[in-house]
Amino acid sequence: MPTDARPAAAWPTDALSFGGDYSPEQWPRETVLEDLRLMREVGVNLVTLGVFSWIKHEPLDGRFDFGWIDEMLDLLHANGIRVDLATPTAAVPMWLHRLHPEILPQDEFGHPLAPGGRNGFCPSSPVYRAFSLRIVEALAEHVADHPALAMWHVGNELGGGNARCHCPVSNEHFRRWVQHRYGTVDALNEAWGMSFWGNSYSSFEEVTTPSSKTAHNPGQLLDYERFSSEALLDQYLAEKAVLRRHTPAVPVTTNFMVGLGPDVVDYARWAPHVDIVANDHYTYGPDPLRHQELAFSGDRMRGISGGGPWMLMEHAAGAASWHAINQAKKPGELIRHALAHLARGSDSVMYFQWRASKSGTEQFHSAMLPHAGRDSRIFRDITTLGGHLGRLAEVTGSTVAGAQVALLHDNEAGWALKSGLKPTNNPVYADTARAIHSALFEKAVTVDVLPAWHDLAGYKLVVVPGLFLVSAENAQAVADFARAGGTVVVTWFSGIVDERNTVITGGYPGAFRDLLGAWSEEFYPLTPDETVELDNGWSGMRSSELVHAPDAEVIARYSSGDVAGYPAVTRRAFDGGGSAWYLSTDLHPAGLAEFLDRVLDESGVTPAARVSPGVEAVRRTSAAGSYLFLLNHTATEGWAEASGTDLLTGHRCEARVPLPAGGVAVIRED
Ligand code: GAL
């Protein structure tokens, strides 16, 4: 079977998957037996096993011992728990570091990372590749027929810690990659603009990985990000090919880290290579809008998975341990966060990890079963959640269909933005995207966050927020959408460069200038505490521009700052009923909400439900039914308009669903 052909039986459990990373090697047997009892008690049906177990499987070079994994697979199977088995390749054994110190990744100064930790390998290293494929092969061959094996989990968070390697092997690999991409040195010099500062190459032999202390060449930096993503993908594909050979019917995935982006590797471009798109998501306690950030990530996951159910592979039952201050989840948040992932299309609720570790790096990271044991708020919530998931079984396989708004996102745009010097340095790619998503979240409008090349048919509104890099083809698709009757919102710093990270000249934003009927000649970035006023009462932050609107209506002008009197917000109407709006600054929330009301109104976009402020509403549907997820993220009583049966309580609701402070409901609609 070719490695990209998907096996038929794709999902690892019959209903929603519930469980987490499980590391029985850290515990004595009686604890493992207690784990199995408690897992059964709360309804765990899937665990991720063996993520860091290379040293257990191969304690010495070439000496394999699978007795431990055999016993664990048997025990889990006997307890009705399916296994998402990891290839252990994230945990390079110390003996391998001793034998081959050259496999360690190096930073831009040529310093190797220290052995230990995880992902301590150069993605391009042929030595690491050979050793890693040897253990994958031995493991896959050994467990191939075990009935507990439900899914493969390749490595762990590929690129976490080792994504940008500058060792000699990576340099050589990068040179070959660049040569393959550009063919001739002249083409390379042209693409990267090497005549600037007289940096032109005369041979591919002169190409190096970019160091942060040198040229800041935007084209080189962007290509290095692409190269690094592809080098890691090669490792994934090599492991996957071995797994497919031994277990053609077992789905293969790896855990992504999809957040706001840009991500460490290009997940949307990796997605076709995984059988189930899986994500690890961790909220940041001090972020007051962490539930909205979670929603953004879920909406992105849906875009990456092509709309179908995706898998929440890891999240936290309580606090993480890598932040400055690691805040526990607020009362009710454990359940709200789990259901929020389901609402946005996940068919699983998985955690890092089942039992909290006593020692090791993450000894204070929360878990489903905390240090305190079962007599704890977390475990009681986990028990309640397990019950909820059982009652939500019929939701399995349904999808969040029918979103009317598409918001375009591209990792390459984020990479391009941080590659090289900009009007404002250290820009955050998804700031504008998140602000717009957040405002739409408040209006209970469902948004598909889509890769920039996604088909736009069927949407009413397309938002292009700070999409710094865009291809001519993708820009054309947005323009066609507006000319065919759709509504488009383009914001500042979208469509500034092409795929080579080269500025599209003739007035910003070059890729969308014709569509918008407006263009800008100069950026006027704002300091963090600076605000510009608009003549209709709105105000802007972060950036302003000197805009001309020869073919567009001016909706609002700047009334303060250096560009006072010039257009700030414009709108071009098309004969077919479509329109293209340009936002040349980031509006403060009140103005943004008003702006969006107008845009939603003219495009005919409707919310998932009418709700009180702070209530999240998302609908999943299938042939079997329509399920409205309602999550009250506020500390006061709320409501939503809906009729049906709350699957969590069995209560009927006619027209209006009351939602206690922090409460949740999943309504099977009439
Ligand atoms: C993830 C990782 C897990 C665990 C978790 C909590 O990034 O995959 O192994 O470390 O974070 O910190």
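**Close-up views of the ligand site, pocket and cavities**

View 1. F52, R118, N156, E157, D280, Y282, E314, W322, F352, E362 and H365 surround the ligand; a residue counts as near if one of its heavy atoms lies within 4 Å. This is a predicted model, in which local features need pLDDT of at least 70 and side-chain atom pairs pLDDT 80 or more, while totals for chains, interfaces and linings use all residues. Residues are numbered from 1 along each chain as its sequence is written, and side-chain values use heavy atoms, without hydrogens and water. The shell has four nonpolar, two polar and five charged residues. Here Ala, Val, Leu, Ile, Met, Phe, Trp, Tyr, Cys and Pro count as nonpolar, Asp, Glu, Lys and Arg as charged, and the others, Gly among them, as polar.

View 2. An N or O atom in the side chain of E157 is 2.5 Å from a ligand oxygen. For E314 the distance from a side-chain N or O atom to a ligand oxygen is 2.8 Å. For R118 it is 2.9 Å. Alone, the ligand would expose 310 Å², and the protein buries 94% of that (Shrake-Rupley method, 1.4 Å probe).

**View 3. The largest pocket.** The ligand takes up the space of the largest pocket (more than half of its atoms lie within 2 Å of the grid points). A pocket is an open set of points on a 1 Å grid over the protein atoms alone, with protein on both sides within 12 Å along at least five of seven lines; lining residues have an atom within 4 Å of a point. This pocket holds about 1200 Å³ of space, the volume filled by probe spheres set on the points. Its lining has 46 residues, with F52, R118, F352, T361 and E362 nearest the centre. β1 (17–22) and α2 (54–57) each give two or more residues to the lining. By class, the pocket lining has 18 nonpolar, 18 polar and 10 charged residues.

**View 4. The largest cavity.** A cavity is a set of grid points where a 1.4 Å probe fits but cannot get out. There are five cavities of 30 Å³ or more. The largest has a volume of about 130 Å³. It is lined by 17 residues, and T283, G285, G318, A319 and Q327 lie nearest its centre. Six of the lining residues are nonpolar, seven polar and four charged.

**View 5. The second largest cavity.** Its volume is about 90 Å³. Of its 14 lining residues, A268, R300, I304, H409 and P451 lie nearest the centre. The lining has seven nonpolar, two polar and five charged residues.

Technical notes
Polar contact = N/O pair within 3.5 Å; in protein donor to acceptor, adjacent residues only side chain to side chain. Helix = DSSP H or I, 4+ residues; strand = E, 2+ residues; numbered from the N terminus.
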